[in-house]
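Hi there,

Here is the structure I promised to pass on. Have a look at it first, and my notes follow below.

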Amino acid sequence: MMEGFKLLVNTLAHPTIMLTAGMLVFLFFFPPNDWFEKWNRRLHLNFLWTKKGFYFVIILMVVFFLIGLTDPNFSLIIKKPDNVPIIGLIFFVFIFLWISMSQALKNDKLIDAGEKPEEYNDPEDKVLVWPDLVYIEFIALILCMSLLLIWSIGLDAPLEGPANPADSPNPSKAPWYFLGLQEMLVYFDPWLAGVVFPSLILFGLMSIPFLDTNPKGGGYYSYKQRRLAIPIFLFGWMILWVALIVIGTFLRGPNWNFFGPFEFWDLHKLVPLTNINLSEIIYIKWFSVGLPENILVREIFGFLIVFGYFLLLPPLLAKTAFKKLHQNLGNFKFGLFIFLLLFMLSLPIKMYLRWLFNLKYLIAIPEFFFNI
Amino acid sequence: MAKQERYYNILKLNKLFAISSIVFLFLLIWMFKDDYSRDWKGYQREFRLLEGELTSNFLELEKSRITALNDYKVAQQEMAAAEKSLENKRVDLQVPQKLLKSLKNEHYKIEQQLAFAKAEYDAAKYEYEEAVGKKHGDVIKTKKRLDHFNIEVKQFTLTLEDVERELNQQKKTIQDFLQEVTGAEKRIGEFTRKINIYSRRLTNIDPGSMTVGNKMADFIRDLPVLDFLNPYYKIDQIILKDITEDLNFTTVPTVDRCITCHLGIAKPEYEDAPQPFKTHPNLDLYITNKSHHPMESFGCTSCHGGRGRGTNFITTAHTPKSEEQELEWVEKYQWHEMHHWETPMFPKQYSESGCFKCHSEEIFISHAEKLNLGTNLIEKAGCFGCHIIERYKDKRLVGPDLNKIPKKISRDWTYRWIRDPKSFRHNTWMPKFFGLENNSDPESQVRTGQEIHAIIHYLYKNGKDFPLYPIPRLGNQERGEELVNSLGCLGCHLIEPEPFEETTSLQTLRRDHGPNLIGLASKTTSQWIYNWLKQPSRYFPRTKMPNLRLTDEEAADITSYLMTMSNGEFLEQSIPKLDEMVIDNIVKSFLLMMFSDFDSREKLKSMKLEDKLDYAGEKLIRLYGCFGCHNIPGFEDEKPIGTELTEEGSKPVEKLDFGLLDIKRSREAWFTQKLKHPRSFDRDKVKGDYEKLRMPDFEFSDVEVEAIVTALQGFVKTSYGIKPVRSQNRDVHMGQWLVREYNCQGCHIIENDGGAIRPTIQDWLIDQYAFTESDAEGMIIPFSPPDLNTQGDRTQPNWLFDFLKNPTSIRPNLRVRMPTFNFTDSDWSYIIKYFLFLDGEVATYESKHSVDMKSFQYLAGKELSELGACDNCHFYGTTFPKQTPDTWAPNLAMTKVRLKPEWVIQWLKNPQDIMKGTKMPAPYVPTKEDLAVPEIRESFGQGILNLEGDQDAMLRGITDFMYTIPGKTDISKEIKDYFDKNGYDFLQQEEEAEWGEWE
């Protein structure tokens, strides 16, 4: 029974399954359009944002970790002082998400009924800095200090041995907040995963106030009024960042291989890793001719796909799915928005290309260290 | 005042604030407690109790000891009497005491005045100098001032002297009064010195012996925060600037805090204390200041490994010695391995590994028995043939030369030998390659059966010719046996047909130096043995077997004896027929490593059977690394096949492939497994025929494995700046290496170790000459090869060099024969330098000993040697001794070229001191007292009488005389002729009484 459960979890934890399921389920929980919202309502998915739903998820997570403690392999991972913040992160991400979503749904109901959202305050209404604000801040400070004290007494600092060039730790993990980036490195060339993506993430976050011209939903929680902004942000945050951190922490073992949470981290585990480039697929697998000498000819298909993705898709989408948005934003803002969105989506796309076709690079020009 | 509006309920917030503050306070206290409760403090508290207990025990013991002493009682009575008499003089004493007090006051006052006056004088001097030199100020005025203070200083100085004189006078008067009392006090103090030490120590540690004030201080000094000043409980550490820890990018000084808990480590009185307080087991060699490794210079972790900066049981990287201990530790200390620490403490049984960090250049490290055994085993087994080990670079291969093998042994014998060497010789060093756990399945058996054919094919095809000279005459096997037993063959060889139980030690390895001489009739021809014995280096240029300078007759006799032993069982082992199909597969496997499948097939088709065997043979020899131990034609410059082991002890555990075995993840566990079951890491692995592990099985015993692991653990990267003297001297190192490699200690005792041949001498005397066991025991030393203790002091280097190059007879009745070694001049120089080093000698060239033949000293020597009848036993050139050969001793005419005079004097003083068990008696040298007796005096000549009992001069005289004895120095031929004529029958034991003369 227990073994079966562990096997099931180990299987489900595989990123192909977990991320696919996660992305699918995501759209139903955070419906971006009417169709998804219909199913959302039909499946009563908003149950999650009720108090019962909250307890349900929290208990589920606690039980999972308690079971995990009984497993020698998983308990090693979760008891590691390095990983304690990640377990906290899992809980806190859910708790804060729950607070905002439950509040948003409440407000949606109020707004539907023609009332004001809960956060609406009478301009006459006021809260004093002293004692109301300062006092609770002070109490919060003491409680935080207490938590830190308990933490520092309970767990020693996770120090490692002196750095040794002849003996690097295996797995070599980045600090937890960079594990998402490290995960990207599996699929992208370092210049993309290490330079372009992080820059674009910063750039994208900075441009939100510029792109998001929706006047509604300011100062109060609401889902309905921000049905596009919330899912896009949460997709990037939950799936492409938090989930990757969780994967990097719990599921990446020696040699950066995948291990289920209840699997032993065997140093010698081998998985087949034979990836090939798009040019090889086309010229060798399909056409059965050798690779052309000329680099441009060789990589032409990759270029076509990448250019097509970034140049053809935006006008196409402007005419179809994002017609209204295009009209609202105008060409420039829409162009920027769609560029950022496509970049974000290129990460899961590349992951799938890897999993499905063992695709290494779309464009591979190792001669100039240029790979996409 | 109107009630203020509040967003929150303030009362509730107050409560919340109160609760969270109390929680925070509690946590703060908890934090302090957690921070201050350290394991080492517990140990220190425990030790304090132990120390108190021990000290008060000692105190009580000492008290009862001295109270029982009569002298102490007398001293106490004296004291009482003295105090009583002082009591009567009390009034008289008061006068000088009062005077002394006022004088002291006076003295103090004047001293002050003088100091002031001096200061003023110095200032005045400065002003005057300024005025004269730089024209600042009034010369006359300042001069006046200077003079004034000058006079003042002089006045005060005089007064002070007066007061001082008077003061001393009074002091003396008082002292006289007190004289008796102070004398008695001093006498008592002599007895109570130790008691005072103990009580003073007790007042520091035992709260019961403290004053109230001290008790409070003792409590306060260890309170949190205040303990930064001078706590009782504190971390003790040794900082070693010369011994650094390598942190890869930088080095830091070693800091060892071990003594924080191991508090009794340097104190001998804690021998029976529980851990961690126990005394170090070897204080003579370690820890103490008079030892070679004082704690202040070497710390602890430089030898033991571990993490010196740690202060609890786990962070110090203690390592359990066994699984039982591990379980015990887990229960007692929640022990777990210290992660990320590459040099955990050596488990107790491997602690000698640490010696190598400094003593790595030494061949023999005294007191490190296990480590020595380990390195010796590595040398014997020839590990460095396949594994590069820096310290064994360019050493000769350990196995026999196979260049001329066709003339020595048959193909069939070789086949059986390669397949299972131990079935021929139960204690051979040749390991087993086949029939092991990863090549024992039926398929592999068939394959390896054919592989051996291919290897043999290669060896015999490429074998070189070796002309064998015929044996000139028929040997006598009985005489041969006697020769083998007496000439010294048994210093290196065993003749043990059956396996026997024996714990391996350096000594047993010495007799295992050459092969066990069994079953030779089944192995080779008598002709080959004869030729080998006559000149081993002709067959095998780099052999370790020396030339015993055997005559044709002797060689023939020994050959006949060796040929009496055969091994029929071995010859009956069946040999599979050559199977071309299997050979094809083998050849193809090797071809496929370099060529494509098609090319391989084509190549195979074009090969004849002969070619295939050639090809496979060469590949297989290369695969199994046979050339690591044997000289094989065509493999002269081949690289070794194994992993380099130079720094194996520093290899991270992660780099060791444990395969699918479930054993402890530690270096020592891996090494042990590898040595015991070399192929076991292949277990359950899917591997091609020629990807499998290849290390052969030496069938090491547990003792051997532990010793080798000790050595391997010692092969580490860390080498400290400190180098022991012997390690610094390359020549000495080389000499020591040659002594080890050529097994000098098989016959001789060097550095108090060796002489492995000795028990066989006893057996020989019993078997051959019917000695009783106890008689034979007494004869072991005179009939064994000499003890080379003090060799460096003893012989002149020039003579020694000549002797070693061309040995001559020294002890005339000795049967054992010093062989001739095939050494170069520099080899011999190394060995001589090594001997000189051992005795602290440096000079290689020495002037001749000059003798004044007119002196009384010389005369006395001559007289004494006549009195002592040296010529009873000693040769004087070609003049034979007066007594029978059983007492014969070295030729004294040789002394002048052979011995160093300083050594001869020492030797004459007491020969037993230098060579225990020697038959040489110390010559009688009369003392002054002897000479005072007229009857005795009469018996001495002028020379002795003139020295007036100066024994040293007389010994010098004997020495001088010896250096003037004329005659031939090398009398080997004369002696040989004598024994050729008369034989050794003088040793024959018939009548017990004959030996009575000896005593």
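**What I found**

Phe235(A) sits in helix H10 of chain A, residues 229-251 (helices are DSSP runs of H or I with at least four residues, strands are E runs of at least two, both numbered from the N terminus). Phe235(A) counts as buried because it has 21 C-beta neighbours inside 10 Å (buried takes 20 or more other C-beta atoms within 10 Å, exposed 12 or fewer, partly exposed in between, with C-beta atoms placed from the backbone). Beyond its neighbours within four places in sequence, Phe235(A) contacts Phe26(A) and Leu240(A) (contact: C-beta atoms, placed from the backbone, within 7 Å). Its C-alpha atom is 8.9 Å from that of Leu27(A), 208 residues apart along the chain.

This is a predicted model, where local features need pLDDT of at least 70 and side-chain atom pairs count only at pLDDT 80 or more, while totals for chains, interfaces and linings use all residues. Residues are numbered from 1 along each chain as its sequence is written, with chains lettered from A and ligands numbered from 1 in the order in which they are written.

Also in chain A, Phe54(A), Val57(A), Met61(A) and Phe65(A) of H4(A) meet Ile87(A), Ile90(A), Phe91(A), Phe94(A) and Trp98(A) of H6(A). The residues of that contact are 9 nonpolar, no polar and no charged (nonpolar: Ala, Val, Leu, Ile, Met, Phe, Trp, Tyr, Cys and Pro; charged: Asp, Glu, Lys and Arg; polar: the others, Gly among them).

Over in chain B, strands S1 (residues 238-246) and S2 (residues 251-256) pair in the antiparallel sense over 6 bridges (pairing takes at least two DSSP bridges). Thr244(B) stands opposite Pro253(B) in S2(B).

Best wishes

How values were computed: Two residues are in contact if their C-beta atoms, placed from the backbone, lie within 7 Å.
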